[in-house]
Amino acid sequence: MLSKITGEVELLERHLSVMRVVARQGPIGIMKLTEELGQPQHRIRYSLRILEQMQYIKATPSGAVATPKAYEMLANFNQDLEKLIMRLASLHQEK
């Protein structure tokens, strides 16, 4: 079970990295994202597809751009992450 969770965290980490680069440098194409993040093109393409489905990015002829929803999520990320860390810590203490 924990290995599955670890894999999901790694996937979320990649999605977040892609979203941060798109927000910072967009519009940006898949080739530039691949170069910037050092990830295989198929992984970047998958992250872009997921982020677009979740409405965090939008595809344009010039490349991916971040949506207002992405900027809002990134602005609140540290606060939301702290809440998650506290929840995980309480699970750890319950053992």
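Gly 26 counts as partly exposed in this predicted model, because its relative accessibility is 35%, between the 20% and 50% cut-offs. Gly 26 lies in the loop between H1 and H2. The peptide bond from Gly 26 to Pro 27 is cis. The protein chain holds 4 helices and 2 strands.

**Overall layout**

- The elements of the protein chain follow the pattern α-α-α-β-β-α along the sequence.
- The C-alpha trace of the protein chain spans about 50 × 25 × 20 Å along its principal axes.
- The protein chain has 95 residues, and 25% of them count as buried.

**The loop between H1 and H2**

- Pro 27 has its place in the loop between H1 and helix H2, which covers residues 30–37.
- Gly 26 lies in that loop between H1 and H2 too.
- The bond from Gly 26 to Pro 27 has an omega near 0°, and it is cis.
- Most peptide bonds are trans.
- Gly 26 and Arg 14 are 12 residues apart along the chain. Their C-alpha atoms are separated by 17 Å.

**The loop between H3 and S1**

- Gln 55 is found in the loop between helix H3 (41–53) and S1.
- What is the phi of Gln 55 near? The phi of Gln 55 is near 65°, a positive value in a residue other than glycine.
- Most residues other than glycine have a negative phi.
- Is Gln 55 buried or exposed? Gln 55 is exposed because its relative accessible area is 53%, and the cut-off for exposed is over 50%.

**The strand pair**

- Strand S1 takes in residues 57–60, and strand S2 takes in residues 63–66.
- S1 and S2 pair in the antiparallel sense, over 4 bridges.
- A hairpin of 2 residues joins S1 to S2.
- Which residue in S2 does Ala 59 stand opposite? Ala 59 stands opposite Ala 64.
- Lys 58 faces Val 65 of S2 across the pair, standing opposite to it.
- In a regular strand, side chains alternate between the two faces of the sheet.

**Gly 63 in strand S2**

- Gly 63 is found in strand S2.
- Gly 63 is buried because its relative accessible area is 10%, and buried means under 20%.
- Gly 63 and Lys 32 are 31 residues apart along the chain. The C-alpha atoms of Gly 63 and Lys 32 are separated by 9.7 Å.

**Charges over rings**

- Which ring does the charged end of Arg 20 sit over? The charged end of Arg 20 sits over the ring of Phe 77, 5.2 Å from the ring centre.
- Lys 69 lies over the face of Tyr 56, at 5.0 Å from the ring centre.
- Lys 69 and Tyr 56 are 13 residues apart in sequence. From C-alpha to C-alpha, Lys 69 and Tyr 56 are 5.6 Å apart in space.
- Lys 69 is found in helix H4.
- Lys 69 is partly exposed because its relative accessible area is 38%, between the 20% and 50% cut-offs.
- How many aromatic pairs does a search of the whole structure find? The search finds 0 aromatic pairs.

**The largest pocket**

- Rolling a probe the size of a water molecule over the atoms shows where empty space is left.
- The volume of the largest pocket is about 580 Å³.
- How many residues line the largest pocket? There are 18 lining residues.
- Leu 12, Glu 13, Leu 16, Phe 77 and Leu 84 lie nearest the centre of the largest pocket.
- Phe 77 is also the residue whose ring has the charged end of Arg 20 over it.
- Helix H1 (2–25) and helix H4 (68–93) each supply at least two residues of the pocket lining.
- Which helix gives the most to the lining of the largest pocket? H1 gives the most, with 8 residues.
- The lining of the largest pocket divides into 14 nonpolar residues, 1 polar residue and 3 charged residues.

Key
Residues are numbered from 1 along each chain as its sequence is written. This is a predicted model: local features need pLDDT of at least 70, side-chain atom pairs count only at pLDDT 80 or more; totals for chains, interfaces and linings use all residues. Side-chain values use heavy atoms; hydrogens and water are left out. Two strands pair if DSSP finds at least two bridges between them. On a 1 Å grid over the protein atoms alone, a cavity is a set of points where a 1.4 Å probe fits but cannot get out, and a pocket is an open set with protein on both sides within 12 Å along at least five of seven lines; lining residues have an atom within 4 Å of a point. Grid points are joined across faces, edges and corners, and a volume is the space filled by probe spheres set on the points. Ala, Val, Leu, Ile, Met, Phe, Trp, Tyr, Cys and Pro count as nonpolar, Asp, Glu, Lys and Arg as charged, and the others, Gly among them, as polar. Rings of Phe, Tyr and Trp (its six-membered ring) pair if their centres lie within 6.5 Å; planes under 30 degrees apart count as stacked, over 60 as edge-to-face and the rest as tilted. A charge sits over a ring if NZ of Lys or CZ of Arg is within 6 Å of the ring centre and within 35 degrees of the ring normal. Buried means under 20% relative accessible area, exposed over 50%, partly exposed in between (1.4 Å probe, protein chains only).
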